[in-house]
Amino acid sequence: MKFLKKCLKWILISIVLIVALLYITGYGYIIRGARIVYFTGHTTAFIDDYPYFDNDTIKKGNTPNPWPLHKNYNSVRETEKLSKVNTDWGTVAYVIIKNDSVWFENYYDGFNDKSKTNSFSMAKSITTSLLGKAIMEGHIKSLDQPISDFYPEYNDTKTTVGDLASMASGLNWVENYTGPFSVTARANYASDLEKTILNQKIVKTPGKSFEYLSGNTQLLGMIIQKATGKKLANYLSESFWQPLGATENALWELDDDENRLAKAFCCISSNAKDFARFGKLYKDYGKWNGNQVLDSAFVVKSVTPRFKESPQYGYGWWMKDVGDKHFFMMRGHLGQYVIVEPNDNVIIVRLGHKKSPDAGVGQFSDDITVYIEEAYKMMNND
């Protein structure tokens, strides 16, 4: 018994020392991350984590505009393969919008059409939309405006806001989703996110090649906020959420209650059909109900590859060919997708707990092709 008490004592002392060492060395955020993830029964970031963070509200307007239902709404069942992968990969929402009306929708695991889930990196597409709006309104001069105009910390670089949006900044960020000591983990769980970002240096020639880095979009969000003088959630609400007729308020996770900086690289919590509005906006070249909400030239540039060597990325949006069809899309870490085929007037939305095995940063996992192919099989059976 004495031996057990002695062991327990030393275990407790060791834990206290480890915790103290983490805080002393600047890694105290790991404790917060462990509390949010592991102490809630998860092994990684999860889709409904927003209650564990401070949030700003993205407010809907007074005249929400629900999606109309297609004349053949839910007339076709899921294919056998789609049903299986939705179960295997933990889908919580699967929606097909055809000719601007909801053709099919299904929800799983206790989620429904109003349930909020984390966008993860789909927020990058939305943040880049805010860049387009800020340029359209004259807050930012153009994609070629140097980031040093906003943050003199980068006076010795030639990186532009367009380089941030197209993932070509030259930032010395390391995109790592599993390492607790990585800057990606620090950005997600640490306080004072601005300090984390401004500690990043430009170490490569900007504007030369694609390298997917979450730090790019976070710095871009900070620039948009500084240029407009508005919190990102407020600017998103007035620029898109309300004009596009979102039916529900959304949330944008913040670093902490003191600094209240939105995590622009991730973490907008909303529902499938409100996320889908950005797919329609870009499909229609920035127009919504006849109003030019976003500049059409910016939209075209966003869904066109900047670099021939990296045809999968434009400015905040991904592109992928499946068969003879060309899709552009928003993508999130655990398989959050808004997938658009403008020629067919089709938008496919999938939200869920996980995706097929990861193919690596900047690459496409196989589940995307499955969600597309099975949607088209269903539509061909209509």
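Me: Where is the place of Asn86?

Reply: Asn86 sits in helix α3. Keep in mind that this is a predicted model.

Me: Is Asn86 buried or exposed?

Reply: Start with the cut-off. Buried means under 20% relative accessible area. Asn86 has a relative accessible area of 3%, so it is buried.

Me: What does Asn86 touch?

Reply: Skip residues up to four places away in sequence. Asn86 then touches Glu78, Thr91, Tyr94, Tyr108 and Tyr371.

Me: Which residues of α3 are buried?

Reply: Helix α3 covers residues 80-88, and Leu82, Val85 and Asn86 are buried there. They lie on the same side of α3, because they cover an arc of only 105 degrees around the axis. Now turn to the other side of α3. There, Glu80, Lys84 and Thr87 are exposed.

Me: What do the buried residues of α3 pack against?

Reply: Two elements. The buried residues of α3 pack against β2 (91-98) and α12 (367-380).

Me: What follows α3?

Reply: Check the backbone angle here. Gly90 follows α3, and its phi is positive, near 65 degrees.

Me: Let's move to another helix. How many residues does α10 have, and what span does it reach?

Reply: Compare the span with the expected one. Helix α10 (residues 272-283) has 12 residues. From first C-alpha to last it reaches 17 Å, close to the 16 Å expected at 1.5 Å a residue.

Me: How many residues of α10 are buried?

Reply: Count them along the helix. In α10, 12 of the 12 residues are buried, so the helix is largely enclosed by the rest of the structure. The buried residues include Lys273, Asp274, Arg277, Lys280 and Lys283. Phe275, Phe278, Leu281 and Tyr282 are also among them.

Me: Which residue caps the N-terminal end of α10?

Reply: Look just before the helix. Asn271 is the cap. One of its side-chain oxygens lies 3.2 Å from the backbone nitrogen of Lys273.

Me: Where does Tyr285 lie?

Reply: Tyr285 is in the loop between α10 and β7 (287-288). Tyr285 is not a glycine, yet its phi is positive, about 55 degrees.

Me: What is the phi of Asn345?

Reply: Asn345 also is not a glycine, and its phi is positive at about 55 degrees. Asn345 belongs to the loop between β11 (336-341) and β12 (346-352). Its relative accessibility is 19%, so Asn345 counts as buried.

Me: Now a strand. Which strand holds Glu253?

Reply: Glu253 is found in β5, residues 250-253. Read its accessibility next. Glu253 has a relative accessible area of 0%, so it is buried.

Me: Which residues is Glu253 in contact with?

Reply: Set aside neighbours within four places in sequence. The contacts of Glu253 then include Asp49, Tyr50, Phe53, Asp54 and Asn55. Asn118, Leu261, Ala262, Lys263 and Cys267 are also in contact with Glu253. A polar contact of 2.9 Å joins the side chains of Glu253 and Lys263.

Me: Where does Gly245 lie?

Reply: Gly245 is in the loop between α9 (232-241) and β5. Its relative accessible area is 4%, so Gly245 is buried. Beyond its neighbours within four places in sequence, Gly245 is in contact with Thr63, Pro64, Asn65 and Arg277. Gly245 and Trp288 are 43 residues apart along the chain, with their C-alpha atoms separated by 9.5 Å.

Me: Last topic: empty space. What shows where it is left?

Reply: Rolling a probe the size of a water molecule over the atoms shows where empty space is left. In this structure, the largest pocket holds about 560 Å³ of space. It is lined by 25 residues, and Thr44, Ala45, Tyr177, Ala185 and Tyr189 are the closest to its centre. The elements giving two or more residues to this lining are α2 (29-37) and α6 (183-189). The largest share, 5 residues, comes from α2.

Me: How many cavities of 30 Å³ or more are found?

Reply: The whole structure has 2 cavities of 30 Å³ or more. About 180 Å³ of space lies in the largest cavity. It is lined by 13 residues. Nearest its centre are Tyr177, Tyr212, Arg331, His333 and Lys355.

Notes:
Residues numbered from 1 in each chain as written. Predicted model: local features only at pLDDT ≥ 70, side-chain atom pairs only at ≥ 80, totals over all residues. Heavy atoms only, no water. Buried < 20%, exposed > 50% of the residue type's maximum accessible area, 1.4 Å probe, protein only. Helix = DSSP H or I, 4+ residues; strand = E, 2+ residues; numbered from the N terminus. Arc of directions from axis to C-beta. Contact = heavy atoms within 4.5 Å. Expected span 1.5 Å × (residues − 1). Polar contact = N/O pair within 3.5 Å; in protein donor to acceptor, adjacent residues only side chain to side chain. 1 Å grid on protein atoms, 1.4 Å probe; cavity = no way out; pocket = protein on both sides within 12 Å on 5 of 7 lines; lining within 4 Å. Points joined across faces, edges and corners; volume = space filled by probe spheres on them.
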